[in-house]
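Thank you for making time for this.

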Amino acid sequence: MMKYGPPPAASGRFNSAWAELATVGRDHRRGGYSRHVFDDADMQMREWFTAQAARRGLDTEVDRNGNIWAWWGTPGPGAVVTGSHLDSVPGGGAFDGPLGVVSSLLAIDELRVRGFAPAKPIALVCFAEEEGGRFGLPCLGSRLMTGMADPEHVRRLHDPDAISFADAARRVGFDPTTIGPDPDRVAMIGAFVELHVEQGRLLHAADPNAAVAVGTQITAHGRWRMTLTGEGNHAGTTRPADRHDPMIPAAAAILAARRTLSLYDGAVATIGRLEPVPGGTNVIASSVDAWMDVRYGAAADTAALVDEIVAAVREEAELEGCTLVVHRESLSDQVMFDPALTMDLASALKVPVIPTGAGHDAGILADRVPSTMLFVRNPTGISHAPGEHAETADCLAGIEALADALTELAR
């Protein structure tokens, strides 16, 4: 089955591009990278992409939602679109997002080396704030474009430093009043293919020799914020019977989320962020915010699992004399990528097909346009962490596969 292996001549260009991005947004406290929409690192990444596109003679534009587009050919209906995102989770790995962007540029180079003349326009896109690392809403740019996010709600979102999305946008010269559904742009997309490093090791299970796979579906996933309110007090003088410590039900939330890993096959629930107030070592917190990520089956399955976790947290909160308020920040249903597009590409590229539990902009677009994904092998499966990695030879195989996919779709 394996078609891709020997690296194409793009190795020098890939290594050069990767080296140029290696210093942008380095997070010396967490390790890895922290690049969030409209911060300095994100703007450097955007400038890099625009310069790379211009070097290739591609026409670039920023749409009303902050997504960057680079066009090979005149923009119009039936466009074949590829790309990914430039932002990261806090302290994330190097490959999540930028690999798809770099690959899209080098796939254009590969097509030109082959002498390919597309019959349809080809566009490269960098979607804004895919990770939700700054304002808490994943796939923000693609959600706004497709009408799946309320513009007024987005404008009011705040980052951990209490900066609103609107103010962050104005700081870099972007007008936040323009954001919202962009049906004309969506209507131009004939097909969307997003290349991404695999987040997990399902590709290895499907075919240990394969460097590339085509995606079939995305598991439902959502984010919830639990606010637990108790009573702030002195850590050294408050007796246990007099305490109303919100960190106790917060700990119960962490344990309840972990237990789902063994109670529900295929379910994952994670609390990766806690913010106690005031956050002093010798202070009983007055309140705690806990953010939870849950992924399981379809949206109804995910929501039901969240209800079970919340019930356990609420019980512990009542025992501690605390209150609990739960806010759903996002919930995306299970996504099936376009079956015909997926299987046609898998057959043409001679690669396996795999699902994924990670969310992507391709999953947002799939409800509106034929969409699928290409995954590049991740030898350890580590992602959203500094240890994320893909071998250069596998990345080059991904570029070649993406070029072949664009050939199939744009001829």
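Before I come to the strands, a word on terms: two strands are said to pair if DSSP finds at least two bridges between them, and helices (H or I, at least four residues) and strands (E, at least two) are DSSP runs, numbered from the N terminus. Please keep in mind that this is a predicted model, in which local features need pLDDT of at least 70 and side-chain atom pairs count only at pLDDT 80 or more, while totals for chains, interfaces and linings use all residues. Residues are numbered from 1 along each chain as its sequence is written, and side-chain values use heavy atoms, with hydrogens and water left out.

Let me begin with strand E3, residues 79-85, which pairs in the parallel sense with strand E4, residues 122-127, over six bridges; within that pairing, Val80 has Ile122 of E4 as its bridge partner. E3 also pairs in the parallel sense with strand E5, residues 189-197, here over four bridges, and Thr82 stands opposite Val193 in E5. As for burial, where buried means under 20% relative accessible area, exposed over 50%, and partly exposed in between, with a 1.4 Å probe and protein chains only, seven of the seven residues of E3 are buried.

I turn now to an open sheet of four strands, with the order E9-E11-E7-E12 and antiparallel pairing. Strands E9 and E12 (323-332) stand at its edges, and because each has a single partner strand, one side of each is left without a neighbour in the sheet. Neighbouring strands of this sheet are turned by 15° against each other on average, direction ignored, where the axes are lines fitted to C-alpha atoms, for helices over the stretch in contact, and angles run from 0 to 180 degrees between N-to-C directions. Strand E7, residues 221-229, is joined to E12 by nine bridges, and Leu228 has Leu324 in E12 as its bridge partner.

The loop between E9 and strand E10 (283-284) holds Pro278, and the peptide bond joining Val277 to Pro278 is cis, with omega about 10°.

Two further backbone details deserve a look, given that most residues other than glycine have a negative phi, and most peptide bonds are trans. Ala162 has a positive phi of about 70°; this residue lies in the loop between helix H5 (151-156) and helix H6 (165-171) and is exposed, at 57% relative accessibility. Lys350, in the loop between helix H11 (339-349) and strand E14 (353-356), likewise has a positive phi, near 60°.

Finally, the cysteines: how many disulfides does the count come to? With a disulfide taken as a pair of cysteine sulfur atoms within 2.5 Å, the count comes to zero. The sulfur of Cys126 is 14 Å from the closest cysteine sulfur, in Cys139, and is therefore too far away for a bond. Cys395 is in no disulfide either, since the nearest cysteine sulfur, that of Cys126, is 17 Å away. Cys126 is buried, with a relative accessible area of 2%, and Cys395 is also buried, at 0%.
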